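Here's a walk through one chain, taken a few pieces at a time. Keep the viewer open and follow along.

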Amino acid sequence: MPTPYQTSIGSFTHKSTFFWAAVGATVGLANLWQFPYLASLHGGGLFILLYLACLLLVTLPLMVTEAAIGRYARHGIILAMDGLIRSAKSSRAWMAVGRLSILGALLVLSFTAVFGAIALAYVFFGAMGRFSGAGQAEATEILAGLVSDPREFRVFMGWHAFFLAMVLWVSGQGVVGGLERAFRIVVPGTLVLLLALFGLTAWYGRIDGAVSQILEMHPQDLSWASLRAALFHAFFTLGLGMGVWAVLGAYTTPDTQLKRSILAVVLMDTLVAILAGLMIFSMAMEGGVFDGERGFSLLFVSLPLALAELPASQFVIATTFVMVVMIVWATALALLEPVVGWFREWTGAPRGLSVFLMGLVVWLAGLASLLSFNVWAEYRVGGATVFRWMELVTGGLMIPLVAILIAIFIGWCLTRNLSKTMVGAAPKLFSTIWFWVMRLVLPLVVVYIGIHYTAASLVNLCDSGSEAFWCEPAPSRVLQEEGDASSEARDDESGELLPADQAPASEQPSPPEDAPKDDDILYHSV
């Protein structure tokens, strides 16, 4: 069997493929279900400027570093770190960086595939007209029936297996015949669909209100929390700390302009987030007001209901979720590649076998997340399901830890000449900023992100009723009156039943208790 250093994991044949692959890796569900919410809450256009500043000054240097590590070594993150450790004569304990990043990619991919399964099912739900004439309660029941009904979990497993099979089929075709071809078709196709849907919703929607919410400056909404939100979004939505950028860097052609391509990716990611936010806002606003929805309720309840009011709504809804599937598909392909590349370099196994075995591991890990929404929903540790602990550990511990260790290793363990050689020729100002960001700024900022993310997540569990030891005892609740359980409202004077749409807001029918909640997703690295 050949040694790992003799195993070639492939490379791209077009210099522009790195750009398309990187866009596919960075544009994820957070651009759709998190960015619009954050922009509306934190000052609109001012939040976008904060977000760009965080991207350029904090996360861009880390993106360049991870890609440069892979390009310099022409290996995935583990063997790349191995070579740098030998060059710097540092402790072998630094190998934990690569191992943690691969494990993080595998776990994030496992629940990304679950979200992809929901989007894939919604393509067919939309085409069959299930949202035609539906209301908020009916749309929520559709989501709950797919995701949370213990009696239908096998159907959900089928959609999950279907989506994952799509990912594995492309990856199994190889770096050139599979990944390169898919990224060069899927990512541009996704952008074309986004532009078409943006034009459609701008024509039929409320684009003026959306522009006011997202692009206009609202300084009264700006606070320190806005800066924190921009920083979190910039860090968690770009695929950092999971070996993705290293393996994409390893696949680049010799004439690829790495730093320019990454800057273009950052700007494209921001542009997509803005367009997606305007599209969603223009459709999901009621009476010119956006009610601050995010996550599951925004993407899988409010959006299809709004699209159902358009002409040819079945086609429009199906097309919209085809776009969502393509976004998650590209993200999943990017997340799978460092895992497959590592296994090939470690064992020397052929690509087909490596994809199958790693896909099997991802499928099993994904089942833990999938079942957490239904069959295992009542089994909680510290008030959290298996899925929520998986996401908390990856988002609050593993990904920040990898980013911190990479920054410290590059900034303090490598010689300055080796660091500059690895990053390549660059203007002196960029090199100086990059060096000191890696040395001082990035470790401190990411420590703050990891600690705050973890603390906020644990507090969120307490707010959800957890009785874990870190939660304060919850005050006793006042028992509800017997009549509050009724789903219909009575007129106080006549005692007659009122139609649901005429009932007071506090007495409107509530969504099913087993429907996925927005807080089921802590931040989403997808």
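What is the mean pLDDT of the chain, and what share of its residues reach 70 or more? This is a predicted model, and its mean pLDDT is 84, with 86% of the residues at 70 or more. Two stretches need some care, though. Over residues 474-512 the pLDDT stays under 50, and the model gives that stretch 25 contacts beyond four places in sequence. Residues 520-526 are also below 50, with 38 contacts in the model beyond near neighbours in sequence.

Start with helix H6 (residues 96-127) and helix H8 (residues 153-172). Their axes are 8 Å apart and the packing angle is about 105°. Since angles of 65 to 115 degrees count as roughly perpendicular, that is the label for H6 against H8. On the H6 side, the residues making the contact include Ala113, Ala117, Leu120 and Phe124, while H8 brings, among them, Phe156, Trp159, His160 and Phe163. Sorted by class, this contact has 13 nonpolar residues, 3 polar ones and no charged ones.

Leu62, Thr65, Glu66 and Ile69 of H4 meet Ala403, Ile406 and Ile410 of H17. That contact splits into 5 nonpolar residues, 1 polar and 1 charged.

While you're on H4, find Thr59, which sits in this helix. Is Thr59 buried or exposed? With a relative accessibility of 1%, Thr59 counts as buried, the cut-off being under 20%. Setting aside residues up to four places away in sequence, Thr59 touches Cys54, Ala234, Phe235, Leu238 and Leu240.

Next comes helix H14 (residues 295-307), which lets you check a length. Its 13 residues, at 1.5 Å each, should span 18 Å, and the end C-alpha atoms are 17 Å apart, which agrees. All the way along, H14 is covered: 13 of its 13 residues are buried, so the rest of the structure largely encloses it.

Finally, look at Ser313, in helix H15 (residues 313-347). Ser313 has 11% relative accessibility and therefore counts as buried. What does Ser313 contact, leaving aside neighbours within four places in sequence? Its partners are Ser132, Leu307 and Ala308.

Notes: Residues are numbered from 1 along each chain as its sequence is written. This is a predicted model: local features need pLDDT of at least 70, side-chain atom pairs count only at pLDDT 80 or more; totals for chains, interfaces and linings use all residues. Side-chain values use heavy atoms; hydrogens and water are left out. Contact means heavy atoms within 4.5 Å. Helices (H or I, at least four residues) and strands (E, at least two) are DSSP runs, numbered from the N terminus. Ala, Val, Leu, Ile, Met, Phe, Trp, Tyr, Cys and Pro count as nonpolar, Asp, Glu, Lys and Arg as charged, and the others, Gly among them, as polar. pLDDT is the predictor's confidence in each residue, from 0 to 100. Buried means under 20% relative accessible area, exposed over 50%, partly exposed in between (1.4 Å probe, protein chains only). The expected span of a helix is 1.5 Å times one less than its number of residues. Axes are lines fitted to C-alpha atoms, for helices over the stretch in contact, and angles run from 0 to 180 degrees between N-to-C directions. Angles under 35 degrees count as roughly parallel, over 145 as roughly antiparallel, 65 to 115 as roughly perpendicular and the rest as oblique.
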